[in-house]
Amino acid sequence: MNDGTPTTAPSRPDASDGLWSPGRRALTIGLVLNVTIVASEALAVGTILPIVAHDLGGIDLYGWVFSGFFLGNLLGIVVAGMLIDRGGLARPFVLGIGLFSLGLLIGGLAPSMEVLVAARVIQGFGAGAIPAVAYVSIGRAMPESLRPRMFATLSTAWILPGVIGPVAASLVTELWDWRIVFLGLLPFIAVSATLTLPSLRSVAPAEMSVAGSERASAIAAGGRRLALVGALVIGSAALLASLSDLTALSPILIVGGLAIGVPAFARLTPPGTIRAATGLPTAILLRGFLTFAFFSADAYVPLAIQDWRGEATILSGLAYMAATLTWTGGSWVNAHAIQRLGPGRFLLGGFVVLIVGTLGFLPVLLPGVPAWLAVPVWGLAGFGMGLAYSTPSLIVLRESRPEEQGALTAALQLADVLGTALGTGVGGALIALGSPAGKTGVDGILATFLLAAGVALAGLALTRRLGARVAAGEPPEVVRAGSTAPAI
């Protein structure tokens with residue numbers, strides 16, 4: 001009888017072999033390479049976007065370049081989860097990396113901000129599959145004792161892009177053309193995909209502990225899940241559109257967006273997620289609060305530095321570099337101490353540090369304060385994310401059965417990406433409202449950072465809903481009568 005703890009297949013190597021043992025080396029390298037590419041793109045686009053927006057016109061669509069990517073990500077996550085639950089990891093990976101490449105190509109050739117936003121939606125759809133594949137491959141191919149190290153290793157994959165990516169993107173944009181930042185990644189994607197695909201094919205499907213009829217029913221639910229995520233995307237887009245351009249229709253769009261999106265989110269996540277039910281539902285919800293709080297401010301750090309303070313693009317790159325390095329440092333602290341201190345303390349500590357870093361950025365908006373202060377301050381915010389970010393993933397893997405991992409990982413990524421999409425979108429709306437005549441104003445930037453701190457504070461309060469057992473990192477003690485997977 002399954003007690004709710006993920007089972008370990010007898011054929012898997014012993015944990016003492018480590019991540020770089022012959023049996024795991026190929027998978028580890030493949031996952032790290034793909035995260036490196038995604039990280040390079042994310043950091044580079046964020047750094048150069050103020051220049052891109054001025055070149056293509058349309059500061060009012062600035063936030064949509066981010067939120068469009070992440071709304072597309074929502075679709076990619078759910079489609080990947082459906083394909084993963086049907087068996088192997090190769091198909092969702094090929095779909096994801098292909099669409100990610102197509103989005104890069106269109107973005108690099110975009111003649112307007114509207115086309116760039118469309119390209120980012122396609123790119124986001126593809127990118128949504130990559131984390132889902134990575135997380136489930138970790139759950140299926142690695143024992144619990146190695147999972148924290150693997151998540152920390154994936155965070156380490158951001159170091160090289162974090163050190164080189166933003167600065168290189170800044171130099172490429174200032175010396176040549178911002179389009180090279182998009183198009184230049186395509187050859188690296190081809191190499192990475194060639195190396196990764198064989199290792200993913202070698203990861204065995206999950207051992208099913210349910211009857212064949214139940215598995216068939218779960219697969220059939222995939223179509224309903226896709227319809228629900230489509231409703232969630234439509235609802236989120238309506239909500240963001242209403243905030244981006246306040247008109248007489250805005251109240252209707254807000255009510256309609258919430259009416260469509262909230263029920264869809266409730267069906268796509270475990271029961272009780274919206275009301276922060278104790279345990280796993282709260283862990284999933286907290287990932288959304290984390291990403292909303294951090295990325296609603298992070299997306300506009302370059303705008304504050306370059307447009308408002310008038311500094312060079314490279315200073316934005318240095319701020320992103322600092323946040324990336326400290327995020328990685330926080331992840332390694334998490335990996336080495338979470339089993340001793342428990343998940344609850346890392347989530348609480350991460351939110352506290354994130355609040356301090358976000359509020360600490362506000363003095364940078366003052367003309368008399370040195371702009372370089374943005375670098376260490378935003379590095380502090382990144383450290384907070386490193387402490388907390390991987391914790392919900394570890395909770396989900398601990399609390400879920402093997403046959404639920406695809407759906408629950410998709411739910412976690414759904415909360416993750418929805419938080420980012422809403423955070424960057426709402427932040428973009430505040431920026432647009434505070435930027436008369438298309439010129440960046442300080443009021444919108446200030447409001448965005450205050451919003452980020454407020455959401456982080458709300459997340460801090462919600463950490464109490466984890467429950468004593470989950471917060472302490474204790475394994476499930478009783479057999480669950482029902483599934484913890486989303487009730488679709």
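How close do the axes of helix α3 (residues 90-108) and α8 come, and at what angle do they cross?

Analyst: This is a predicted model, in which local features need pLDDT of at least 70 and side-chain atom pairs count only at pLDDT 80 or more, while totals for chains, interfaces and linings use all residues. Residues are numbered from 1 along each chain as its sequence is written, and side-chain values use heavy atoms, with hydrogens and water left out.

The axes of α3 and α8 come within 10 Å and cross at roughly 175°. Helices here are DSSP runs of H or I with at least four residues, numbered from the N terminus. Axes are lines fitted to C-alpha atoms over the stretch in contact, and angles run from 0 to 180 degrees between N-to-C directions. The crossing angle makes α3 roughly antiparallel to α8; the word applies to angles over 145 degrees, and roughly parallel to those under 35.

On the α3 side, the contact (heavy atoms within 4.5 Å) is made by Ala90, Phe93, Val94, Ile97, Phe100, Ser101, Leu104 and Leu105. From α8 come Leu186, Ile189, Ala193, Thr196, Leu197, Leu200 and Arg201. By class, this contact has 12 nonpolar, two polar and one charged residues. Ala, Val, Leu, Ile, Met, Phe, Trp, Tyr, Cys and Pro count as nonpolar, Asp, Glu, Lys and Arg as charged, and the others, Gly among them, as polar.

Phe93, Thr196 and Leu200 are among the lining residues of the second largest cavity, as are Leu31, Asn34, Val35, Ile130, Val133 and Ala134. A cavity is a set of points on a 1 Å grid over the protein atoms alone where a 1.4 Å probe fits but cannot get out, and lining residues have an atom within 4 Å of a point. The second largest cavity holds about 50 Å³ of space, a volume being the space filled by probe spheres set on the points. At least two lining residues each come from α1 (25-56), α4 (113-141) and α8 (186-201). The lining divides into seven nonpolar, two polar and no charged residues.

Another pair can be set beside this one. The axes of α11 (residues 280-298) and α14 (residues 343-360) come within 11 Å and cross at roughly 15°, and these helices are therefore roughly parallel to each other. Leu286, Phe289, Leu290, Ala293 and Phe294 of α11 meet Leu347, Phe351 and Leu354 of α14. That contact has eight nonpolar, no polar and no charged residues.

Notes:
Angles under 35 degrees count as roughly parallel, over 145 as roughly antiparallel, 65 to 115 as roughly perpendicular and the rest as oblique. On a 1 Å grid over the protein atoms alone, a cavity is a set of points where a 1.4 Å probe fits but cannot get out, and a pocket is an open set with protein on both sides within 12 Å along at least five of seven lines; lining residues have an atom within 4 Å of a point.
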